[in-house]
Amino acid sequence: ETMINQIAAGEVIERPASVVKELVENALDAGASRVEVVTAGGGLNLIRVGDDGSGISESELELAVSRHCTSKLSTDIHDIRSLGFRGEALPSIGSVSRLTIRSRTAASDAAAEIGIEGGDVSTVRPAAANKGTSVEVRDLFFATPARLKFMKGERAETTAISDIVKRIAIAFPAVRFTVSGPDRTTLELPAGDDSPDGQLTRIAQVMGGEFPENSIAIDAIREGVRLSGHVSIPSYSRANALQQYAYVNGRPVRDKLIASAIRGAYADVLPRDRNAVTVLFLTLDPATVDVNVHPAKADVRFRDPGLVRGLIVGSIRQALADAGV
Ligand code: ADP
Ligand code: MG
């Protein structure tokens, strides 16, 4: 079992930022309004993600760390609304680190915790905590030292952690996010709201205050697929595509089709070596998109790629034309 979990970990947990992604997504799935990330040593010594979400009851702590145990699976595997769905993250992380989960539900007047060390699960013990969950990961990859050799150094890992939190945070403007190191807070995104204004405020917090005034709003629907968000005017572009954020049903994705459609939309107004800055949300029937292509869940497969491509290219071009740029 530990072996299987370590193999799964090889797929899901590439680096400390992958752990942060899984833990932050779990916090959001639990309805958190505050997510706090603390790291040390680029996440290799310590990652702690605390939330004020629904919590895990004492009787379910053991289940939460068992393979393929998820509280989120709806009857149809393609009908995925929450961020998590595989029941794989916690057992995988626990197989390659020292993991402690401390949690308390609103219904309970005491917290409980469980630990896993390199796959060995402890008994559930009483603990003290407020409502919500705190997941602590120490000594990541201590059980699979070969993996440690691939790490790029503390600086790079810390940056990757901050980047993944920003990427997720754009889709959750009502949630407060903080990321801190051993001695200082590196990212602080105060809670806003889910209105279009709130959305834009969060985008500005993450991408810099100049982006909103150099961007155009997009909001279009074609055959039940909705595209919304903001795209930069041609004069506000970048040498790389790092500032292109895309979401499918609220899930951050890095998808070739979306990237290529954005490039296509700007083909006439941007030189080949410049990239637009974009934040795009696709909302569509979960049955028409497969977010299950890879365990790390960054790729997607659309049932009708032509429709999605046409929508992105068409509505960005239209918006640029309407804005006269
Ligand atoms: P998945 O997210 O795919 O369900 P995970 O291994 O990430 O699988 O988590 C297993 C289960 O543990 C979740 O389905 C959920 O019930 C519970 N869980 C994990 N993290 C949290 C959290 N922060 N708050 C509440 N429940 C959680
Ligand atoms: Mg999960």
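Q: What is the handedness of the crossing of α9 and α10 in this predicted model, and what makes it so?
A: The crossing of α9 and α10 is right-handed, a term used because the near helix is turned clockwise from the far one. Helix α9 covers residues 256-266 and helix α10 covers residues 305-322, and the two pack at an angle of about 35° with their axes 8 Å apart.

Q: Which residues make the contact of α9 with α10?
A: On the side of α9 the contact is made by Leu257, Ile258, Ala261, Ile262, Gly264 and Ala265, while α10 brings Pro305, Val308, Arg309, Ile312, Val313, Ile316 and Arg317.

Q: How do the residues of this contact divide into nonpolar, polar and charged?
A: They divide into 10 nonpolar, one polar and two charged residues; Gly counts as polar and Arg as charged, and the contact includes Gly264 of α9 as well as Arg309 and Arg317 of α10.

Q: Why is Asp139 called partly exposed?
A: Asp139, which lies in the loop between β7 (132-138) and α5 (145-148), has 17 C-beta neighbours inside 10 Å; a residue is buried at 20 or more and exposed at 12 or fewer, so Asp139 counts as partly exposed.

Q: Why is Glu223 called exposed?
A: Glu223, placed in the loop between β10 (215-222) and β11 (225-232), has 11 C-beta neighbours inside 10 Å, and because the cut-off for exposed is 12 or fewer, Glu223 counts as exposed.

Q: What is the phi of Asp139, and what is the phi of Glu223?
A: Most residues other than glycine have a negative phi. Asp139, although not a glycine, has a positive phi of about 50°, and Glu223, also not a glycine, has a positive phi of about 45°.

Definitions and conventions. Residues numbered from 1 in each chain as written. Chains lettered and ligands numbered in written order. Predicted model: local features only at pLDDT ≥ 70, side-chain atom pairs only at ≥ 80, totals over all residues. Axes fitted to C-alpha atoms, helices over the stretch in contact; angles between N-to-C directions. Helix = DSSP H or I, 4+ residues; strand = E, 2+ residues; numbered from the N terminus. Contact = placed C-beta atoms within 7 Å.
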